[in-house]
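Please look at the sequence and the 3D structure first, then read on.

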Amino acid sequence: MTLKLAIAQLNFVVGDLTGNARKIVDAARDAYSQGARLLLTPELSICGYAAEDLFLRPAFVAACDEAVRAVAAELADLDGMVVVVGHPTGRSLRSRSVAVQLRHNAASVLSEGRILDTYAKRELPNYQVFDERRYFTPGEGVCVFEAGGVSVGLLICEDAWFDAPARLAREAGAEILAVINASPFHVGKEGERTVRMAERARTVGLPLVYAHLVGGQDEVVFDGASFALEADGSAALQAESFKEQLVFAQLERRERGIGFVHDEAALAPPREAEAQLWDALVVGVRDYIGKNGFPGAILGLSGGIDSALVLAIAVDAIGRDRVRAVMMPSPYTADISWIDAREMAGRLGVRYDEISIRDTFESFRGALAGEFEGLAEDTTEENLQARIRGTLLMALSNKFGSIVLTTGNKSEMATGYCTLYGDMAGGFAVIKDLLKTTVFALARWRNAHDPYGTGAAPIPERIITRPPSAELRPDQTDQDSLPPYDILDGILARYMEDDEGIDEIIAAGYERAVVERVARLIKINEYKRRQAPVGIRVTHRSFGKDWRYPITSKFNETAGRKSL
Ligand SMILES: Nc1ncnc2c1ncn2[C@@H]1O[C@H](COP(=O)(O)OP(=O)(O)OC[C@H]2O[C@@H]([n+]3cccc(C(=O)O)c3)[C@H](O)[C@@H]2O)[C@@H](O)[C@H]1O
Ligand SMILES: Nc1ncnc2c1ncn2[C@@H]1O[C@H](COP(=O)(O)OP(=O)(O)OP(=O)(O)O)[C@@H](O)[C@H]1O
Ligand SMILES: NC(=O)CC[C@H](N)C(=O)O
């Protein structure tokens with residue numbers, strides 16, 4: 001038997017240096033008392049991932065350095081214990097026009113009160129939601145340290161997606177690769193990670209341990225699910241996803257190299273995609289509300305599927321006592337909307353109120369009657385209703401402190417089928433990265449499962465089966481304005497999520513006119529998305545940090561080449 005190591009799969013809070021340092025110290029003591037002599041904490045554990053432009057503040061980086069020294073000092077009495085802590089380090093030389101970065105995304109190796117080594121991440125991701133080159137300079141060194149008689153090669157997240165850093169560590173004597181990570185969740189990400197890490201273990205011929213973060217940070221969610229692989233890429237340890245825990249692995253020395261002591265119980269079984277997705281949404285909501293200190297959440301419950309799904313997620317996230325639903329009927333609200341909204345609120349046991357918008361709507365129309373004389377009703381009147389609801393919800397938020405959860409889905413955010421300062425008014429957009437077809441699938445999944453014990457089948461069946469409607473004019477359905485959702489979502493997945501060209505999508509079997517219309521809607525609604533609340537990213541391309549299109553743009557993909 002040789003080294004027992006531990007992974008601090010914990011939920012750190014961006015900027016809470018003292019709280020994060022305390023968590024690391026507590027985890028190190030706990031791990032040590034259970035026989036571990038190495039504790040791996042996730043990437044940038046001292047400051048949380050990602051601190052974004054806080055990295056540009058010298059005071060922030062200095063405070064992180066100070067916190068690392070404090071952790072080292074606090075753990076001075078743990079003989080033979082090694083703790084790896086992720087943190088930014090360095091400085092920036094500023095002038096008015098350029099910022100020369102001398103700052104690294106680093107990790108320090110602490111033992112017996114000292115900082116033994118500091119490693120600087122070599123591969124800095126700068127795609128999707130990552131902006132690491134904005135903040136950091138790539139490192140050029142290698143870090144191999146000793147813990148419990150084992151030579152450990154340290155890598156930071158993206159480093160391990162490439163061959164060179166791992167090879168350099170092996171050449172420097174590493175017997176095992178320790179990778180500390182902050183790898184945002186999206187559906188399918190866990191599989192991508194294990195494939196890449198297994199490839200790395202095999203190509204360098206070393207076992208690999210992957211220490212990962214858990215928790216939500218603004219739009220991204222980290223799923224934990226730390227793991228360890230043998231040198232042949234086979235699984236030796238698989239921690240549960242979306243749970244804070246201290247995870248242990250025991251290494252043993254073999255005839256050739258080292259490997260993990262096999263323990264069947266250390267392999268958490270795989271989970272279905274919907275269960276992971278549900279957890280991501282729940283953790284995203286819980287951490288946004290919790291880390292930002294809201295007493296509760298409030299939402300408009302319409303009897304439609306979007307608000308129904310958001311209500312179910314919110315209750316699983318923060319409990320029925322902290323969630324409030326408000327039905328705000330208008331002259332166009334169908335009876336079944338009232339009935340289903342009441343029924344759903346009753347099933348989940350949340351506070352439910354009804355505030356009619358009929359009189360307010362009439363009063364607004366009265367105020368505008370002179371201005372609008374002789375003009376036909378159009379979306380103006382539809383939007384007025386959405387805005388009255390948004391105003392009422394924001395008033396409740398102001399008075400009671402609860403955050404307003406918005407309910408727009410990705411299909412709506414893509415096409416602009418939502419009202420600025422209306423149903424878009426609020427603080428956190430829970431399902432903004434779920435296509436409408438996924439909304440339906442997830443509602444069905446939640447009705448068949450009760451993962452948080454808040455009640456089975458919370459969503460009345462009719463909410464799922466009735467045709468979606470904004471109920472902003474008589475007999476309106478979404479399909480009056482948008483292509484059928486299966487077609488719309490198929491196009492959106494290709495065009496928006498996978499960057500396929502319009503001609504490619506048409507070649508895949510979609511009608512040209514529909515594809516071009518959808519592409520146009522996406523383009524002309526960029527301004528709305530820029531004003532939309534932040535929301536949880538659960539796909540590899542969300543309308544957030546990894547969608548950066550200009551609002552003002554004359555580019556038309558299908559216009560053909562024009563002579564100058
Ligand atoms: N490039 C630009 N940059 C900045 N602002 C720009 C802009 N272009 C328009 N605008 C502004 O935006 C306004 C138009 O946007 P907005 O007022 O939101 O309204 P608009 O997009 O015209 O209409 C909203 C649509 O969403 C539908 N809806 C609403 C509510 C809920 C649902 C649902 O089913 O969930 C659907 C509704 O039926 C209607 O078809 C313009 O009047 C202008 O003031
Ligand atoms: N009568 C209503 N009472 C309370 N909130 C409403 C009402 N109508 C709309 N809203 C709010 O505005 C949002 C957008 O309305 P909309 O009706 O388009 O969505 P939905 O009912 O959730 O789902 P669907 O798009 O399937 O109808 C709702 O999700 C809800 O939060
Ligand atoms: N923090 C990072 O370096 C993350 C990049 C990496 N490819 C991931 O998402 O897993």
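## A pair of strands

Tyrosine 210 has phenylalanine 227 as its bridge partner in β12. Strand β9 covers residues 208–212, and strand β12 covers residues 227–229. The two pair in the antiparallel sense, over three bridges. Strands count as paired if DSSP finds at least two bridges between them. Helices (H or I, at least four residues) and strands (E, at least two) are DSSP runs, numbered from the N terminus.

This is a predicted model: local features need pLDDT of at least 70, side-chain atom pairs count only at pLDDT 80 or more, and totals for chains, interfaces and linings use all residues. Residues are numbered from 1 along each chain as its sequence is written, while chains are lettered from A and ligands numbered from 1 in the order in which they are written.

## The six-stranded sheet

β9 and β12 belong to an open sheet of six strands. The order is β6-β7-β8-β9-β12-β13, with mixed pairing. Which strands stand at the edges? They are β6 (144–147) and β13 (235–238). Each has a single partner strand, so one side of each is left without a neighbour in the sheet.

Neighbouring strands here are turned by 25° against each other on average, direction ignored. Helix α4 (residues 164–171) lies across β6, β7 (150–156) and β8 (176–181). The helix runs at about 160° to β7. Such angles run from 0 to 180 degrees between N-to-C directions, and axes are lines fitted to C-alpha atoms, for helices over the stretch in contact.

## Two domains

The domain assignment gives domain 1 (2–271) and domain 2 (279–529). Domain bounds come from an automatic or database assignment. The domain centres, taken over C-alpha atoms, are separated by 39 Å.

Eight residues of domain 1 are in contact with seven residues of domain 2. Contact means that C-beta atoms, placed from the backbone, lie within 7 Å. On the domain 1 side, β10 (214–217) and β11 (220–223) are the elements that give two or more residues. That side divides into four nonpolar, three polar and one charged residue. Here Ala, Val, Leu, Ile, Met, Phe, Trp, Tyr, Cys and Pro count as nonpolar, Asp, Glu, Lys and Arg as charged, and the others, Gly among them, as polar.

## Around the ligands

Ligand 1 is surrounded by 18 residues. A residue is near a molecule if its C-beta atom, placed from the backbone, lies within 6 Å of it. The closest to ligand 1 are Ala386, Thr419, Leu420, Ala470 and Tyr527. Helix α10 (residues 379–400) gives the largest share of this shell, four residues. By class, the shell has eight nonpolar, six polar and four charged residues.

Ligand 2 has 20 residues around it, and Gly300, Ser302, Gly304, Asp306 and Pro468 come nearest. β16 (297–300), α7 (305–318) and β17 (323–327) each give two or more residues to this shell. The largest share, three residues, comes from α7.

Is β17 mostly covered or uncovered? It is mostly covered: five of its five residues are buried. Val323, Ala325 and Met327 point one way from β17, and Arg324 and Val326 the other way. β16 and β17 pair in the parallel sense over four bridges. Isoleucine 298 stands opposite arginine 324 in β17.

Glutamine 531 is found in the segment after α17 (526–530). Why does glutamine 531 count as exposed? It has 10 C-beta neighbours inside 10 Å. A residue is buried with 20 or more other C-beta atoms within 10 Å of its own, exposed with 12 or fewer, and partly exposed in between; C-beta atoms are placed from the backbone.

Methods
Two residues are in contact if their C-beta atoms, placed from the backbone, lie within 7 Å.
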